[in-house]
Amino acid sequence: MKTFELKVLTCDRTFYDGPCEKLLFPATDGQMEILADHEQMTASIEIGEMKFKTPDSDEWQVAVVSKGLVEVDRNQVLLIAFSAERPEEIDEFRAQEALERAQEKLINQKSIVEYHVNQANLARALARLKTAGKYKAK
Amino acid sequence: MASAKEIQDRIRGIKDTRKITRAMYMISSIKMQKARQKLADTEPYFFALQDQISSILYHFPEIDSRYFENGTNRNPNGKKAIVVMSSDKGMAGAYNHNIMKAAEDYVKDFEPGSYEFYCIGELGRQYLKFRGFPIADFEFTATNPSVHRARVIMEILVNKYHDGELSEIDVIYTRSVNSMKSVIEYHPLLPLRPHEFIKNDASEDAQYKSLTRDMNYSVEGDQDAVSNLYSGDFFIWPNPHHVLHQLVYNYVAGYIYGTLVEATASEENARMSAMKSATDNAEKMLAELSTQYNRVRQAAITQEITEIAAGAQALKRAKKKAVR
């Protein structure tokens, strides 16, 4: 299968840099997939699960990403997100705690600012738990 | 002159202190190396973000956003936030002193009430509070910078900016040029200055190229594509505003993370050199004191011998007298 170059940059590391066959990521209105020879594009990413397939493996590589963006330019894809975590890196216990904290805070939120912050925290915690649970069970 | 016992006690005390300063020196050097590594890890992300912002500005020069200096819907009457990065602990030479001086100098000409300090690090907060400067309710530390903390700080600041409570966000932090020299940096974080991104376009293009140089161009015969990176139609999803918004959030969080790491590295660097000179100084003092101790000891021995000799002589004389 034809490949393209994928580079995933996050705040604290270069998450992936190499060839890729297909890339799935959460866009603003649902999942978006990128294959080789995709048109030039810039799109924003929402908090959720991202998947990509490398030519040397049949397995999908999975990560939980936070907000960011994807730039496609002549078979070079640059994905910039604030953070990206593999399922095995997620501490389920911590994520569960964060989830409960965020839910609790949402109930007694004081301002609209806090509401947005808490909602983002909640979305992150949910995405982490979902992905971690799904891939750890196997 | 001090007695031998006193000098010995002093030597023991200095040796104990030297143990501590030496240990602190070691710890700081390890922490600094870690911070350096973190800084190197975050650089590609940061440059890529800068590049994306300039790319959007390039394609949508007419974009109107409150995050830019020339945005029409930003509130110019809000307060100015000054984020000051100091450390939580002392023993770092002039590190904290320098940054506090710089912060004070910075607000010298501002009208009272038009600005507020957002302190990261306990020492700076206490100092500025003591001096009666306006301090925002904002409790964070620069020690062990984490991605999470940077995100929380960003969310607080950017939301306040978004609501018009703040009209400007500036950062003051220490950057280490090399292991010997560090400088205080002032950086206006928000609103973004579009010309800064456009003006540097050429150099950022170069950065972008170096970032993507090792990627293979699988489109054949597209050699000159490298020279005009942003040619052709530009498709942006869902819209430029949304993407720009996302970029600004990421940019600010990335910048804050970068400065946190930079400040920690400088702090540890300052502590390292302070502890190095403390250890060196302790060694010098020990050398002096041991000379002094030897002298005192020698003096005591000499005196004893003189006394014994004198005593023996007196006894001899007394015996001679008795015989006669």
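In this predicted model, 6 bridges join strand 3 (residues 22-27) of chain A to strand 4 of chain A, and the two run antiparallel. If you want a spot to look at, find A:Phe25: its bridge partner in strand 4 of chain A is A:Met32. Getting from strand 3 of chain A to strand 4 of chain A takes a hairpin of 2 residues.

Zooming out a bit, that pair belongs to an open sheet of 5 strands in chain A, with the order 4-3-6-7-10 and antiparallel pairing. Strand 4 (30-35) and strand 10 (84-85) of chain A are the edge strands, each pairing on one side only. Elsewhere in the sheet, strand 6 (residues 48-53) of chain A pairs with strand 7 (residues 60-65) of chain A, again in the antiparallel sense. There, A:Phe52 stands opposite A:Gln61 in strand 7 of chain A. As a general point, strands of a sheet pair through backbone hydrogen bonds, either parallel or antiparallel.

What about pairing between the chains? Strand 5 (residues 41-45) of chain A and strand 5 of chain B run parallel, joined by 3 bridges. A:Met41 stands opposite B:Phe235 in that strand of chain B.

Here are the strand pairs side by side:

| Strand pair | Direction | Bridges |
|---|---|---|
| Strand 3 and strand 4 of chain A | antiparallel | 6 bridges |
| Strand 6 and strand 7 of chain A | antiparallel | 6 bridges |
| Strand 5 of chain A and strand 5 of chain B | parallel | 3 bridges |

Now for the interface as a whole: 37 residues of chain B are in contact with 30 residues of chain A. On the chain B side, helix 1 (4-59), helix 4 (147-162), strand 5 (235-237) and helix 7 (240-323) each supply at least two residues. Helix 7 of chain B gives the largest share, 9 residues. By class, the side of chain B that touches chain A has 19 nonpolar, 11 polar and 7 charged residues.

Chain B also has a helix pair to check out. Helix 2 (residues 95-106) and helix 3 (residues 122-130) of chain B pack at an angle of about 45°, with their axes 10 Å apart. Helix 2 and helix 3 of chain B are therefore oblique to each other, and their crossing is right-handed. On the helix 2 side of chain B, B:Asn96, B:Ile99, B:Met100 and B:Ala103 meet B:Leu123, B:Gly124, B:Tyr127 and B:Leu128 of helix 3. This contact has 6 nonpolar, 2 polar and no charged residues.

Notes: Residues numbered from 1 in each chain as written. Chains lettered and ligands numbered in written order. Predicted model: local features only at pLDDT ≥ 70, side-chain atom pairs only at ≥ 80, totals over all residues. Contact = placed C-beta atoms within 7 Å. Helix = DSSP H or I, 4+ residues; strand = E, 2+ residues; numbered from the N terminus. Nonpolar A, V, L, I, M, F, W, Y, C, P; charged D, E, K, R; others polar. Pairing = 2+ DSSP bridges. Axes fitted to C-alpha atoms, helices over the stretch in contact; angles between N-to-C directions. Parallel < 35°, antiparallel > 145°, perpendicular 65-115°, else oblique. Left-handed = near helix turned anticlockwise from the far one by under 90°.
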